Amino acid sequence: MEELKYEPGQVEARWQTRWEEAGVFRAREDDPRPKYYLLEMFPYPSGRLHMGHVRNYTIGDVIARFQWMRGRNVLHPMGWDAFGLPAENAAIERVIHPARWTRDNIGVMRAQLKRLGFSYDWTRELATCDPEYYRWEQLVFVRMLARGMAYRKETSLNWCPECQTVLANEQVENGCCYRHTDTQVEERVMPGWFFRITDYCEELLEGMKTLGDWPEQVLTMQRNWIGKSLGGYVDFPLEKPLPGAERIRVFTTRPDTLFGATFMVLAPEHELVPRLSAGSEHSAEVARFAAEAKRLSREKRASADYEKEGAFTGAYCLNPLTGLKMPIYIANFVLLEYGTGAVMSVPAHDQRDFEFARKYRLPVLVVIQPEGEKLSPETMTQAYEGDGAMVNSGAFSGTRNRPEGIARILDFLEEKGFGRKGVLYRLRDWGVSRQRYWGCPIPVIYCGKCGTVPVPETDLPVILPEHVKLTGLSGSPLATVPEFLETKCPVCGGPARRETDTFDTFVESSWYFSRYACPDQKQSMFDPRTRHWMPVDQYVGGIEHAILHLLYSRYYTRVLRDLGLQDQSEPFKNLLTQGMVRMETMRCPRHGYRYPREVDAEGKCRECGTPIAKGRSFKMSKSLRNVIDPEEMINRFGADSARVFCVSDSPPEKDLDWSDAGLEGVFRFLNRVFRLVTDNRERLAPIEDPAAARPGSGPARELQRLTHKTIKRVTSDLEDRFHFNTTIAGLYKFQAALSQFSAALQKGEIPLDAETRAVFREAARALLLLLHPFAPHLSEELWAQTGGTGFLLQKSWPRFDPELVAEEEIEIVLQVNGKLRSRLRVPAGLGETELRERALKDERILGFTGGKEIRKVIVVPNRLINIVVG
């Protein structure tokens, strides 16, 4: 028989063509099988895939193919998060229009995805830069505006000098832009549009109770970002009231410490700051300090390690419970956006306040004493933030501070009109205005007579003009396009101008998953198909999107519900957050970071011959020159090898360390599978009477048992745990056993009777079915060579026989007086009486029980026997 060679390129191209011609990946709403919506976070079309993409989409494809074979009607779409700043910057650098750059990149990446054999329904492909997509986003905004769910205001915003645009709070990381991680974010006062996400704080928190299959880390991150605090609002009268301002209101979670408040601190941005110091000797210093503090990032100001500094305003307020005259400071650690921008300072019981008080020699008053200890302000070296008995607190002295003291103080404040109970959230409204070109235009018109006017729904979409000069200078390029900017007011017909800001691109990604259900619908945003498919059953993406994309999507889905556009409250039932692909960096002293291909076999830089120093493992990044091109790997080893390697080394939620040797090992494994089947084509040919074989003993019996045990293990790994790495390990073991059995058949060591042949064929075909989600091309090819018809995606997932996976023998631990003395192999299901007899006759046990009284024999079925002797 002719020996065949595994040629992955030919095999993969052949089956990709067949899949596409047969339309096997198309999802249909009239399919009677239960629906299963599998989705990976869609990519930004940056130009080429990287191995992080390959891993993410392989994880999703494994799940999708498995669910198809489990009898579900799977929707598995793909599209493009196509708006965004990188396209605009690339256009400026390359002198090419962002639309053309984006479309070209989409074409390249689509071809790459198809070459990897991912099971996408390409008939549902969408791109967020298409007017037919973003017109519905504009319609939602117009309706949000009418309902008061969106608004415009002037506020202090995050400004990235590199991006030349505003960033949402969630897009600032360690004081820097989330895109340009070395660029410090500045604060600027600008007008902008906001979504009232804060109206949904409580519902977003409550909704987490229904997300039982989300990673707890993601839920914790969202919970902390929303930041619900229970406490109370307290009013501190100004010693010298100002016109329209007689008091300072604070929010505190520690009203039990109110008697210990000795000074007040305000955020430098607080509206009262210039008025409090006006005309005093402190005004110049206050203005200088406020300007300096505003230049600091929020993260630096909120950091526990950053030095606490402030300036005295010259004004005072009064403690409402003690009447104490409290100096009012501004401080760099107080943020306007949290609470009221004012903090009652209790230095004895807050470390930040304690450090500030010691620095500026402000009074410290102990109002909570820990049990068995007496704190003294004069000797304290740090604040006491624990619980205890309230002291120096008038009628409340002697009360346990939490929870009794807090409750009593809040009741007293409400009774006296000094304050009220309240809830505070850390989350701020979502600022969605961006001063860039390549985004969805905000559908608003400004009229000198009528003011701010939404674009009528009948005039949507407001299409982004193509003839725009991009310079990268400050401000939106749309302001320089008269044919876009100049328009007529839809109310009075007079001259007006359009809004030149565009939406934050996270708006587009907050609803794309619902549009996949009906991307061809031109009359409405959604239709009954959306109700059929939503919510997404399994979502796959990176944990770095926990606060941005995932939180925004949960919020926007509720907005769509409240506007009557769809029914769901939660967009994603289950969430899998995959780890990153990492690679050890290699650094040449002369030329910096090197790509692997720039280092020779001896570990020297190919450019200069200098020995390369290996560094730490980092996420793959072009700047570190440790990126692996998937095309190169596919050309060398095939798409199936790349796919299997991406899920074989670690669980999906863990990082994957890239290894060329690991990829080569996968390629060798797939070659072994190929040879196993092709070398046994005659033995694996269809059987005329494929009645189930059940050999009683011998190698065929053991192979059949291993087959069914492997089916059970792989099914559990895929359905219950997503432990793809242990699945691959099990398939390696299964293939090795099959190859060993095959070798024995060829040598005549195992006779090839009808029963043995049936067992061997069952095992080989089970291997191909189990391998299909991971290596779909090779498994399809080999399935056809064994006489299989149709596509594996349309075959039923193999089932295991409970009798064949049950252990025939089990090991029983034998103890004497609780100490391990021997082990016993017995048939599974052996009765207790027989177990006792065998245990007592065991030679090693007799050495410990001989001549002694046996007082008791304790039998734990299928596990152990403990013999108690006197």
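**Entry 1: a helix pair.** I began with helices α19 (residues 660-678) and α22 (residues 754-771), whose axes come within 11 Å and cross at roughly 145°. Here axes are lines fitted to C-alpha atoms, for helices over the stretch in contact, and angles run from 0 to 180 degrees between N-to-C directions. Helices are DSSP runs of H or I with at least four residues, strands are E runs of at least two, and both are numbered from the N terminus. I noted the contact (heavy atoms within 4.5 Å) as made by Phe669, Leu670, Val673, Leu676 and Val677 of α19 with Phe760, Leu767, Leu768 and Leu771 of α22.

**Entry 2: the model.** I recorded that this is a predicted model, in which local features need pLDDT of at least 70 and side-chain atom pairs count only at pLDDT 80 or more, while totals for chains, interfaces and linings use all residues. Residues are numbered from 1 along each chain as its sequence is written, and side-chain values use heavy atoms, with hydrogens and water left out.

**Entry 3: Thr502.** I located Thr502 in strand β23 (residues 502-503). Is Thr502 buried or exposed? Thr502 is buried, with a relative accessible area of 2%; buried means under 20%, exposed over 50% and partly exposed in between, for a 1.4 Å probe and protein chains only. Not counting residues up to four places away in sequence, I found that Thr502 touches residues including Val432, Tyr437, Cys440 and Leu478. The Thr502 side chain also reaches the backbone oxygen of Arg436 at 3.0 Å.

**Entry 4: a sheet.** I traced an open sheet of four strands with mixed pairing, in the order β31-β30-β33-β32. Its edge strands, β31 (819-827) and β32 (854-860), each pair on one side only; two strands pair if DSSP finds at least two bridges between them. The twist averages 20° from one strand to the next. Strand β30 (residues 809-816) runs antiparallel to β31 and is joined to it by eight bridges. Gln815 has Leu820 of β31 as its bridge partner.

**Entry 5: backbone exceptions.** Most residues other than glycine have a negative phi, and most peptide bonds are trans. I listed a cis bond between Arg402 and Pro403, with omega about 0°; Pro403 lies in helix α12 (residues 401-416). The bond from Leu460 to Pro461 is also cis, with omega near 5°. Asn392, not a glycine, has a positive phi of about 50°, and is partly exposed at 48% relative accessible area. Asn862 has a positive phi of about 65° and sits in the loop between β32 and β33 (864-869).

Terms used
A polar contact is a pair of N or O atoms within 3.5 Å; within protein, one must be able to donate a hydrogen and the other to accept it, and residues adjacent in sequence count only if both atoms are side-chain atoms.
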